[in-house]
Amino acid sequence: MLIDLKVKAGPQFYRYHEGALDFVPELLKEYQVKRLLVVHGSVSWEKARPRLTFLDDPAQEVFFHSYTGECSYMGADMIKQKVEQQQIDFILGVGGGKLADLVGYAAHLANIPFGVVPTLASNCAPWTPLAVMYKENGESEGKSEHFLRQAAFLITDPQLVIDAPISYFIAGLADTLAKWYESEAILAQPELQNEPFLQIAGYTAKLCESAIMTQSQKAICGIQTQEVTEEFIHLSEMIMAASGLVGGLGDKYARNAAAHAMHDAISKYLPKSHRFLHGEKVAYGIFYQLAIEEKWSTIDQLLPFYQEFKLPMSLHQMAIYPEDPQIIDQLVDFIASKEKVHLIPVSTTKERLKQAIFDVENYIAQC
């Protein structure tokens, strides 16, 4: 029996279908919202605002805050200050993954409820009580868990999500795909086999992987033609909703391991990596974790998928390989400092973590 497992089942309310946004006023009424703060971005806000007709409802006073584009501690403090100044009683986040993370963390700081309306499926699990933090210059600052506060709702409309750039959707697929490759070996350990929540987490991770590997091409065709296909609905739900159950039910045993640790490391020590999306860096991180585990046949199986959707496979391919050996050591030290990396049931010494970086580069160069 595990005594360190923190289970978070999902947002308190979830809807994803055409017309789903019509249910937001009912939820705001349930929370007796009088002063609502809407946190939004720029491009996605322009397309979302005409659909959010409930904001014109006189039932509550509405305030607006345009975030900086990063999920940062500074940005969260700015929202907290606005909440206090305007006596806000509910935060609504409208935007992508970084914005959803920011709103959740800011609501935790301000001690008020929040809901999210995703406008793109670019990052896995926007409802989870975990924020990937960055500095305003894009440098990684790790993660902040606020597991005692869950999203009041996640509601959006596929018509709002489908017209985002395809590259963002592909990045979301890769970010979600990592759920399986980061958790598979950990959850397969005998001492974890009889834990019901871990079993459900593992099943969900496999469900995500299977759907992504078989339906991605048709889903992306739907985006290209702006047709809300069954495959697009299915995979965007995997990214935005189902993937959150992997870490939500499996906690540290099924959330992030070496793939995300590598994402954080290169985001911190390789400034040139900032031009890549979160999920793109995680895609490379999947190959890095598989190299640690020496699962070369699995990399071979993934190569056609990566090549079809132009996902990063190595640091050289991304043109960010550090020639300075000290930077390599910084990457390794950072990765080695993450507890979850050492849950992988293989050798995770610094020597092994370092060698895996070279192994990936050499392997991909020969493909």
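Predicted model: local features only at pLDDT ≥ 70, side-chain atom pairs only at ≥ 80, totals over all residues.
In the UniProt record, an unreviewed entry, the annotation "binding site" covers three residues, namely Asp175, His260 and His278. Although these positions are spread over 104 residues of sequence, they cluster in space, with a largest C-alpha distance of 9.3 Å. Asp175, His260 and His278 also belong to the lining of the largest cavity in the model.

Asp175 is located in helix α6, which comprises residues 166–187. With a relative accessibility of 1%, Asp175 is classed as buried, because this value lies under the 20% cut-off. When residues up to four places away in sequence are not counted, Asp175 touches both of the annotated histidines, His260 and His278, together with Asn123, Cys124, Gly279 and Val282. With Cys124, the side chain of Asp175 reaches the backbone nitrogen at 3.0 Å.

His278 lies in helix α10, formed by residues 278–292. The relative accessibility of His278 is 11%, and this residue therefore counts as buried, the value being under 20%. Apart from neighbours within four places in sequence, the residues in contact with His278 are Asn123, Val132, Tyr134, Asp175, His260 and His263. The contact with His263 includes a polar contact between the two side chains, at 3.0 Å.

How values were computed
Residues numbered from 1 in each chain as written. Heavy atoms only, no water. UniProt positions renumbered as here; feature names shortened; annotations may be inferred. 1 Å grid on protein atoms, 1.4 Å probe; cavity = no way out; pocket = protein on both sides within 12 Å on 5 of 7 lines; lining within 4 Å. Helix = DSSP H or I, 4+ residues; strand = E, 2+ residues; numbered from the N terminus. Buried < 20%, exposed > 50% of the residue type's maximum accessible area, 1.4 Å probe, protein only. Contact = heavy atoms within 4.5 Å. Polar contact = N/O pair within 3.5 Å; in protein donor to acceptor, adjacent residues only side chain to side chain.
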